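Subject: Structure handover

Dear colleague,

I am passing on the structure below, and after it you will find notes on what turned up in it. Please read them with the structure open beside you.

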Amino acid sequence: MGTSLDIKIKRANKVYHAGEMLSGVVVVSGKDPVQHQGLFLTVEGTVNLQLSAKSVGVFEAFYNSVKPIQIINSTIEMVKPGKFPPGKTEIPFEFPLHVKGNKVLYETYHGVFVNIQYTLRCDMKRSLLAKDLTKTCEFIVHSAPQKGKLTPSPVDFTITPETLQNVKERALLPKFLIRGHLNSTNCVITQPLTGELVVESSEAAIRSIELQLVRVETCGCAEGYARDATEIQNIQIADGDVCRSLSVPIYMVFPRLFTCPTLETTNFKVGKARPQEDTEAALHGGPEARN
Amino acid sequence: MAVFPWHSRHRNYKAEFASCRLEAVPLEFGDYHPLKPITVTESKTKKVSRKGSTSSTSSSSSSSVVDPLSSVLDGTDPLSMFAATADPAATAAATDSSRKKREREDNSIIGSDFEPWASKRGEILARYTTTEKLSINLFMGSEKGKAGTATSAMSEKVRTRLEELDDFEEGSQKELLNLTQQDYVNRIEELNQSLKDAWASDQKVKALKIVIQCSKLLSDTSVIQFYPSKFVLITDILDTFGKLVYERIFSMCVDNRSVLPDHFSPENVNDTAKETCLNWFFKIASIRELIPRFYVEASILKCNKFLSKTGISECLPRLTCMIRGIGDPLVSVYARAYLCRVGMEVAPHLKESLNKNFFDFLLTFKQIHGDTVQNQLVVQGVELPSYLPLYSPAMDWIFQCISYHAPETLLTEMMERCKKLGNNALLLNSVMSAFRAEFIATRSMDFIGMIKECDESGFPKHLLFRSLGLNLALADPPESDRLQILNEAWKVITKLKNPQDYVNCAEVWVEYTCKHFTKREVSTVLADVIKHMTPDRAFEDSYPQLQSIIKKVIAHFHDFSVLFSVEKFLPFLDMFQKESVRVEVCKCIMEVFIKHQQEPTKDPVILNALLHVCKTMHDSVNALTLEDEKRMLAYLINGFIKMVSFGRDFEQQLSFYVEARSMFCNLEPVLVQLIHSVNRLAMETRKVMKGNHSRKTAAFVRACVAYCFITIPSLVGIFARLNLYLHSGQVALANQCLSQADAFFKAAISLIPEVPKMINIDGKMRPSESFLLEFLCNFFSTLLIVPDHPEHGVLSLVRELLGVIQDYTWEDNSDDKVRIYTCVLHLLSAMSQETYLYHVDKGPEAPELVGPFLLQQHPGPWGPAQQQAQPALRQPVAPGPEARLCGHQDHGEDSGIHQEAKQTARYGSSD
C-alpha cells in the first residue's frame, strides 16, 4: 500500500448542530515520504431532489431532474505544497458550522426523493505522475432541539369496518372494533412514538397488527410539484389473536437518517404522515383492514 | 578351596534398642521449627509487610514467619485484599441498606437458594419431547422481495452488501422439514455455532440475522409438545448473543489506560462504545416482527447499563407491555419467562416488572380456554390435560422469580388472585412448585381442598398432588394436620388408574410418609404401591420411580431391624425383576447399611435379608462384568461381612463364614476378606482362652485353619495366595497348630516357582520381582520363629526355600537375588543369637520357655513388610507340642554356614 488518506471526526456519532465547532484530524500515512501539491479540505452540504416517475411521468422524471440545492460549500487549503514525512501525520482541523446568507442548515435526511447530505472531502493534489488522493466522509447535522416544551396533542381513534377507506366490498369485512390513542401527534424525533391500542372485539381471529410509518415528500419544480408517500418502516405490535380488551402498547423508535423533523421550504417539503395500523384478519388472503 | 570361617556377630538387643532410641526434646510453643507451617501474614497495612521483608533474616525465629511470596508484593496479599473488599459488600447486602449498594453487588442479591435456570434447563429438555417431525424455517434471504420497500430507504451499498450475505446464506439455510427431535437439536446447535463463527469473523449483520431468525422460530407453535424444549434451545442462542454484544461493547470501553470496573456508571463509558450500543438498539427497534424484536432486545437488556443508569428500569416495563401484543398464550408466557430470567440476572432488584408480568399473565389467562387455542389443539390432536402442563416450566419460573425473598403478603395476594380465576389448577400447580415450601406446608389443608375442587378435565390432578407432596417433603406441615393430610392425599392417589401417574405421585408421597409416620403407615403405603404396580407387570415401566421409593425408605429407616420388619419391604423388593435394576437397588441398600450400621449385628432377620441382597449382587457377576463393578460389589459385600458378629458364639460365626464362602465364591476380594475374618476369629479365640486352648477350642481353631487352607487355593491372584498362606501360617503358628503352619509354609514355598515374571496390576503389566522380594523378606522374618519339623531335619523350610530361590529365573540385571541372599544372611545371623528379639509368646504361665525358642531383631530390608504381616505374633502362645523340638540334634550335613547357625541358635538351650 502506498499512501493513504483518512478523515477522523472527533465525535464518535458524527452528529453536529448548526453553529457548533466541527473538529477532527486528517491522517496521512505512508511508508515513504509523500510529495504533494497541497492538501485541501472541503465542506459540502446539498439537497438532492428527484421526481418520482409515478407522479410526473417517466420522461419528465428523467429530464426534469431538479438541480441540487447547495447549502454549504467551502474549501480551505490545509497544508501548502510540500512533503509529508514517512509514517503517520495527523493534521487537525476545526471550523464552525455556519451558513452564509439566509440559508438554513437542514437536518441530514436520506429519503427516497429528497436527500440532504453533508460531506467532508479531503483532496491531496499531487504531481502529474501520481494520482490525486481523495477521501470523503459524511457527517450528520441535526437541527437544534426545539426550545420550549412541546405541548402533547393526544389523539383517540376508533377503527371499525366503517371507518376504513378504499374498501371494495364492505360486506365481506368481518366485524371488529379497535380503540386506541396516540399520546401525541407531534413527536420529538428523538423520542419514540407511543400510544395504546385495545381490541374490543373482532369476529375473525387476528393474525397481526402492524404499525406503518410513512413519509410524505413533496418536490417542487417547474411544472408544479410532486407529492409522494412511501413507507419508512413497518413494525408489528401484535402477533396472533391478542387478548380482547387488553391494551397493547404502540411504540416505535424513529429510525435516524431516514426520518427528519417535518420540513417545509420553497422547493421541497418533508413530512411524516400519521402512522397507520394494519390489522390482518386470520382468513387466508382475507381483507386488510387499514386505517 | 579354603573356607573362611564365618561367625555371626553377637548382639545385645536390649542395649541396642536403648541406645538407638531418639531422645525426646521438649519444644516450646513458638520456637523455630523447620517443619512448622509457614503462616502467611495477612498484612493489614503496608508497614507491616515492609518491615517483614527488610528483616527477613531475623524473621525465622519470630512467630509470624514472612512468606517470601508475600514479601515480594509491595502491599497486601491480593487474596486477603479480595477478602477485605468482599466483606463490606457482604455486610451491605446483609443489612439491605440501600438499593444503590445492592445494584452494585447484584450478584450477592441472588443467593445460592435461588434455583438457577441452568438446573431447570436439563429438566425441561428431558421432559418435553416429541416423536413428531419438526421443521426449521429460516428465511435468511427470502425476505428480499417482501422487504423491498423497506430496504429501498437504505443506501445502495448497504443493500447490496446485505444481498450478498443473503446469497451466501441461501444455499445453506432453507426450510428444513421432517427433522427428528435430535436433528432439530443438532441444527440449533449448529446455528449457535455459526452465530459464534459469524461474530468471530466480524460479520455482525449475519450474527444478528441468525439471532432474529432463531427467535422467529419461537412464534411457531406447531408440534406444541416440543415448545418448551425449543424455548430452551433458542434462548441458549439468545444468551450467547447477548453475551457477545455485551462483551464487545465492554471491550470498547477498555482503552489503553484503564479497564472499566465491573460496576461502572454510564459516565465512564466512552462515546464510541455508547454509539455502538445505541446502534444495536436502533437496529433491533426496527425489526419488523414483534417476537424477534422482543427476544433480541431482551437478550441485550444488560447493555442498557452502558447508556444510562435508569435504562434497564425503563426498558423492563416497556418490554413487559410489549408481550401483551403476543396473541398465543403459550408463546407469551414463555416470553414472560424469558424476560423474568433476563431481568433477574441483570437487575434483580426490579421486582415491580416481575409482578406486572404475573398480573398481566392472569389477565390473559382466560385465553387458554378461548377458541383460537382450542382450534389449534384440535388441529394438532393434543388434549387439554397434556397441553396445560406445557405452561408449567415458564410459569414455575415466573412464580419462582416473584416469590424469591418476597414478603408473605405478596404471596398471599398472589394466591388470592389465583383462587379467583376459574379452573386454576395450572396456577395452583405453579404456586406449589415455586413458592417457599414452608408457605405451602402450613396451608396444606387449604391446598388439598382447592385441588379437590379443581375441574377434572383440565390440568391433571396427580400432578397437583405431586407438587404438594414435593413441598411436604421439604417442609413440615402443622403437627395436628399430618395424618389427615396423608389420608386425604392418599385417598385421591390410590384412585389413580394409570400406573405411571400413580407411581409418580406415590414416589413423592412416600417421603412424607417416611418422615412423619411409623413403619405401619409406610408398610401400608408400600402395600398400596405393590397392589397398583403388580397388575400387567406395570412395574416394568416404572423402575426409576420404584427405585427412588426404595431410596427414600432406606434413607429414613437407618435401623435395619426396623426396616426389614416393615412387612411389605421385601415383597416390594421382589418387584424389581430386571436384573440390572435389582442389583442397583441392592447396592443402594448395602451402601446405606454400611454407612449407617454402627454396631455389628447378629439379628437373624437382617442377616437373612442382607445375605439375600448380597447374593443377588454376587449372582449378577458374570464374565462380562467390569472390574470396577466387581470391586464395588466386593466392597459392599465385605462391608456386610465385617458387620456380622455373633459375639462369643464363635462356632456360629464360623458357620456363617462357611455359608458366605459358598455364596460369594465368584468374588475374590470377598474370599480374601473371609480368610482374614476367619484368621481373626482364630486369634480372637486365642485371646479369649488367654493363649491356652482347651481341647474344644483347639479343635475349633484347627477348623478355622482348615477353612483357610482349603479356601486359599481357590484364589486366582498369586500374591494374594502367597501372602495369605504366610499370614494363615502365622496364625496357625500362634495357635499351636504346628503341622498346619508347616503345611501353609510348604504350600507357599511350592507356589513360588509359579510366580510369573509379569503380573497385571490395575490393567497394566508390571514386573513381579519387587513383590516377590517383599514377600520373601517377610517370609524369612517369619521363618525365624518357625520350629523345625522333627522328621525333616534342621532348617528344612529355609533350605527348601533357598532351593526354590536358586531355581527361580531372576531378571538378568537385577540385584533382587542378592538382596534375598542378604536377607537369608540376616536370618541366619539372627538365629545364631543367644536370645531372639521377637518370638511367639507362650502364655504368661510359662515365660521361662520363651528364651531359646523364638526371637527377633530385624535388620534392614524386610523390616516394614514384616511388621505388617505379623500382628498375630505378638500374642502369647501356650506351651505345647514344641517339646518335640528338644532333643533334636542334627549337625553335620550341608554347608558350614548352616552348621554354625544351627548349633548356636536353635538348640543351645535344649542341650
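In chain A, strand β12 and strand β13 (residues 176–182) run antiparallel and are joined by five bridges, where strands (E, at least two residues) and helices (H or I, at least four residues) are DSSP runs numbered from the N terminus, and two strands pair if DSSP finds at least two bridges between them. Across this pairing, A:Thr158 stands opposite A:Arg179 in β13(A).

This is a predicted model, in which local features need pLDDT of at least 70 and side-chain atom pairs count only at pLDDT 80 or more, while totals for chains, interfaces and linings use all residues. Residues are numbered from 1 along each chain as its sequence is written, chains are lettered from A and ligands numbered from 1 in the order in which they are written, and side-chain values use heavy atoms, leaving out hydrogens and water.

The two strands belong to an open sheet of four in chain A, ordered β12-β13-β14-β17 with antiparallel pairing. Because β12 (155–159) and β17 (247–252) of chain A each have a single partner strand, they stand at the edges, and one side of each has no neighbour in the sheet.

In chain B, helix α19 (residues 351–364) packs against helix α22 (residues 392–403) at an angle of about 140 degrees, with the axes 9 Å apart; axes are lines fitted to C-alpha atoms, for helices over the stretch in contact, and angles run from 0 to 180 degrees between N-to-C directions. α19(B) and α22(B) are therefore oblique to each other, since angles under 35 degrees count as roughly parallel, over 145 as roughly antiparallel, 65 to 115 as roughly perpendicular and the rest as oblique.

Best wishes
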